[in-house]
Amino acid sequence: MTHPQKVSLTGIKPTGSAVSVQDGGSVHLGNYLGAIRPALALAADYRCIYFIADYHALTTQRDANALRENVRDVAASWLACGLDPDKMLLFRQSAVIEVFELMWVFACIVATGQLERGHAYKDALAGGDSPNAGIFNYPLLMAADIILYDSEIVPVGLDQKQHLELARDIAVRMNHLYGEGTVVVPQPVVTEAPTVPGFDGRKMSKSYGNTIPLFLPSKALRSAIMKVKSDSTPMEDPKEPEGALVYDLYKLVATPAQQAELAVKLRAGNYGWGHAKQELYEVLEAQLAPLRERYQALRADPKQLDGVLEAGADKARVVARRTLDRVRAAIGID
Ligand code: TRP
């Protein structure tokens, strides 16, 4: 393989209240299966950059300790899930303050009307809030995040698509005003993450209170899985796996052979939903136990964790400075 790999960038917003390690951390199974696992799989084909968007979180987070803890928790979670800091970049957004210089340059070429049409801002207004200027400028900071690191591909969910389109517009406009090649024009890739149901069957989400924290200790994980909704078909009766919540979750984690096997057992009867939940728990436990161990070790050693993030920021800053040098020369600030 000689062709250079493209750069793929992922921003992770650390949100919520501080959650303790014993309670399984702030990341849930839905985050893992729907976002983290697919994002880490990209490392096979791209040069991946992951950063923790702490300054984006500040638009809504007022609790300093929660913010501090969430950043560490999210970093430890991604590392535990397989983010290899020797092959991929991981850092705190706030550690590379160059991003704010680029953001200002962008602010000077974007019409306020474009920001007024932003979904998040419009939703906040419609909801009767008076949004802060951080929410208004959120897409500008995001464009700077992306363009600062010469990102070519940005995989995002549908909710972030508009932000990506603005980043792309800004890059095109920069090159139009100041010369082709001033910045790299990013390409949004809308990813279709699998929707992971929570134990009540609705999409797993903190706002529904139906999450299964990813790093629950094994006993607590088992109890959480036993709470997954199922019907009251008697044990002896045959059961249809397709459409059953336990089986939907099983399909997200088990191999095709395991899935087929469980389907046969359920259809045969004399096999209860409780047994199926036990199988689901066992497959999950086998996969998550090593991750949980790494997560707990990382959370127990914040100095080492901060060191990993600092080392990532040092490498990211080199790319950032190179982009800014190019931009500064182009705009006449040098
Ligand atoms: N706004 C994104 C979210 O809420 C996080 C984010 C910040 C991001 N900067 C980014 C995502 C740059 C992709 C690229 O999920």
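I began with Tyr50, which touches Thr10, Ile12, Ala39, Leu40, Trp78, Leu83, Met88, Leu89, Leu90 and Phe91 when residues up to four places away in sequence are not counted, contact being heavy atoms within 4.5 Å. I note that this is a predicted model, in which local features need pLDDT of at least 70 and side-chain atom pairs count only at pLDDT 80 or more, while totals for chains, interfaces and linings use all residues. Residues are numbered from 1 along each chain as its sequence is written, and side-chain values use heavy atoms, with hydrogens and water left out.

I then looked up the nonpolar cores, each a set of buried Ala, Val, Leu, Ile, Met, Phe, Trp, Tyr and Cys residues joined through side-chain atoms within 4.5 Å; buried means under 20% relative accessible area, exposed over 50%, and partly exposed in between, with a 1.4 Å probe and protein chains only. The largest core has 61 residues, and Tyr50, Trp78 and Ile212 touch the most other members. Helix H12 gives the most to this core, with ten residues. The core draws at least three residues from each of domain 1 (7–196 + 301–331) and domain 2 (216–294), where the domain bounds come from an automatic or database domain assignment. I also found a second, separate core of 43 residues, which includes Leu9, Phe136, Ile146 and Val156.

Among the buried residues of H1 are Tyr32, Leu33, Ile36 and Leu40, and their cover includes S2, H3, H10 and H12.

I checked Arg92 in strand S3 (residues 89–92), and it counts as buried because its relative accessibility is 17%. Leaving aside neighbours within four places in sequence, Arg92 is in contact with Ile52, Asp54, Val71, Arg72, Asp306 and Leu309.

Which residues have a positive phi of about 55 degrees without being a glycine? I found Asp150 and Asn270, and I recorded them because most residues other than glycine have a negative phi. Asp150 lies in the loop between helix H7 (133–148) and strand S4 (153–156) and is buried at 13% relative accessibility. Asn270 sits in the loop between helix H11 (256–268) and helix H12 (273–299) and is exposed, with a relative accessible area of 56%.

Definitions and conventions:
Helices (H or I, at least four residues) and strands (E, at least two) are DSSP runs, numbered from the N terminus.
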